[in-house]
Structures are given as C-alpha cells and as structure tokens.
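Subject: Structure for you to look at

Hi,

Here is the structure I promised to pass on. Have a look at it first, and then read on for my notes.

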Amino acid sequence: MTALFLQMWSIQREPEFAQFLTHPLPETQAKGFVIPYGDCPLDGERVGEMVYIDLLNRARHSVHIITPYLILDGELETALRFAAERGVDVHLILPGKPDKAFAYALAKTHYLPLLSSGVKISEWTPGFTHAKVMIMDGQEAVVGTINLDYRSLYHHFEDAVWMRGVDCLPRIEADFQDTLAQCRTVEPTRQSIWQGKKLLHLVA
C-alpha cells in the first residue's frame, strides 16, 4: 500500500521509494491470500472495474456490495444483471441520504434496469454510507477506495485489497448483514425508487 501511494504521489517526478521501503516485511502465518492493487487513470488499464466484473462473472451463489455511488458503464451494468439473471444473489446497499444530489439522482436511474434483472437494491436509511465493499460467495472480497461509478473507475487514482480464504471474510459478510438490517428495500416502482422526490427526478 505504501508503494501504491508513492507511485501516485510521485507521478510528476522521479519516485524516491527507497527511504520508505527499507523496513523488512514481518513474517506471518496467516492463511489465505491478500493482494493490494492500484488503478491509475493514465495507463489505459481499468483494473478496478475488471476485478469487480471478474468477481461477478465467477460468482455462483452471492455477490454482496456496499457502495456510496452507482454510475455504471454498460459493461459493469451488464455483469451485474447477468449474474442476477443466472441465479446469483446480487445485492447492493446504497446510501439512503445523499452527499451530492446529482450523483444520488444518477444512481437511481440505474435502479429499474437492475431490479428488472433480479438485482436487489437496499438503501441505508440512517444516512450516507461511504464503504466500498464487494464479497463474492463468502470466499473472496474486495475492500478499498474504488466506487461503482464512472469517475472512480476511469479518472481517479484508486486502490483496493483483494482477499481470498482469510479469517476476516465472515466478519465482512456479517457487517453487510448488519448494515442491511438498517436498510429499506427498493421495489421496482417509480414511487419506491424516487419516493415522490420530483425535483430529484428532474435532476437526473
């Protein structure tokens, strides 16, 4: 993670990594795999989006997601819908209250196509959730800075950690379920999606 930060920090000058990377890595006996990765807007590689799509395409039972923003391109929306259509429990938790009205309204424009394919959408009623989490089949997870929105996936420096077979996966799933208990379920109707907020609808 230090190297990823330094790579971004030094983007316009010669990087000086050595002084920050001299400490030896501690030995560990932990099981499983933990792989940090970064996404740079300057190299033409959509690493963050491809990891998300890969998890969706390989899922057999469930993909549980918490994201503050939902502004999808066609490829990611198709992956979400296709996973749900083949029987995977695809469930998104999004904020119940916005930090930015325009982004909140744009997210809602994706609701109906996703819901029509069987994707479940819930909104966290206490307020704005800023977590970025995806857990697949209870066996793999991604936690990081990468939102499910166009700016994050295409234009920002981002990083995340992919995990498989590590002890914290049940706790990540438990956190999703605890968050879900404080959510409202969004139904595939205009009233449920927009909740009578006509001005918000006009923004989108």
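Two residues are in contact when heavy atoms of theirs lie within 4.5 Å. Please also keep in mind that this is a predicted model.

Leaving out neighbours within four places in sequence, Asn 147 is in contact with Tyr 52, Thr 67, Pro 68, Tyr 69, Lys 132, Ser 152 and Leu 153. Asn 147 sits in the loop between β7 (140-144) and β8 (148-149). Its relative accessibility is 8%, so Asn 147 counts as buried.

Now the chain as a whole. The protein chain has nine helices and ten strands. Its radius of gyration is 18 Å, close to the 17 Å that the globule rule gives for 204 residues, so the chain is as compact as a globular protein of that length. Along the principal axes, the C-alpha atoms fill a box of roughly 55 × 40 × 30 Å. Of the 204 residues, 43% count as buried. The accessible surface comes to about 11200 Å², and 58% of this belongs to carbon and sulfur atoms. Contacts across the sequence are well represented too: among those between residues at least 6 apart, 75% join residues at least 24 apart.

Next, the sheet. Eight strands form an open sheet with mixed pairing, in the order β1-β9-β7-β6-β2-β4-β5-β10. At the edges are β1 (33-39) and β10 (183-185), each of which pairs on one side only. From one strand to the next, the twist averages 20°. Helix α7 (residues 169-180) packs on this sheet and touches β2, β4 (89-95), β5 (120-124), β6, β7, β9 (158-164) and β10. The direction of α7 makes about 65° with that of β2.

- β2 (residues 62-66) and β6 (residues 133-136) run antiparallel and are joined by four bridges. In this pairing, Ile 65 stands opposite Met 134 in β6.
- β6 and β7 are also antiparallel, with four bridges. Here Val 133 stands opposite Val 143 in β7.
- β7 and β9 run antiparallel, joined by five bridges. Ala 141 stands opposite Met 163 in β9.

The turn between β6 and β7 deserves a look of its own. These two strands form a hairpin with three residues between them. Most residues other than glycine have a negative phi. Asp 137, which lies in the loop between β6 and β7, has a positive phi of about 55° although it is not a glycine. At 15% relative accessibility, Asp 137 counts as buried.

Back to the partners of Asn 147: what does Pro 68 touch, not counting residues up to four places away in sequence? The list is Pro 95, Phe 128, Thr 129, His 130, Ala 131, Lys 132 and Asn 147. Pro 68 is in the loop between β2 and β3 (70-71), and with 6% relative accessibility it counts as buried. Pro 68 and Ile 146 are 78 residues apart in sequence, while their C-alpha atoms are 10.0 Å apart in space.

Finally, the aromatic rings. The count comes to one aromatic pair. Tyr 69 and Phe 128 form this pair, which is tilted, with 5.9 Å from centre to centre and 50° between the planes. Tyr 69 lies in the loop between β2 and β3 and Phe 128 in the loop between β5 and β6, so the pair ties together parts that are 59 residues apart in sequence. Tyr 69 is buried, with a relative accessible area of 8%, whereas Phe 128 is partly exposed at 25%.

Best wishes

Note on methods: Residues are numbered from 1 along each chain as its sequence is written. This is a predicted model: local features need pLDDT of at least 70, side-chain atom pairs count only at pLDDT 80 or more; totals for chains, interfaces and linings use all residues. Side-chain values use heavy atoms; hydrogens and water are left out. Buried means under 20% relative accessible area, exposed over 50%, partly exposed in between (1.4 Å probe, protein chains only). Two strands pair if DSSP finds at least two bridges between them. Axes are lines fitted to C-alpha atoms, for helices over the stretch in contact, and angles run from 0 to 180 degrees between N-to-C directions. The radius of gyration is taken over C-alpha atoms; the globule rule is 2.2 Å times the number of residues to the power 0.38. Accessible areas come from the Shrake-Rupley method with a 1.4 Å probe; for residues, only the protein chains shown count as cover. Rings of Phe, Tyr and Trp (its six-membered ring) pair if their centres lie within 6.5 Å; planes under 30 degrees apart count as stacked, over 60 as edge-to-face and the rest as tilted.
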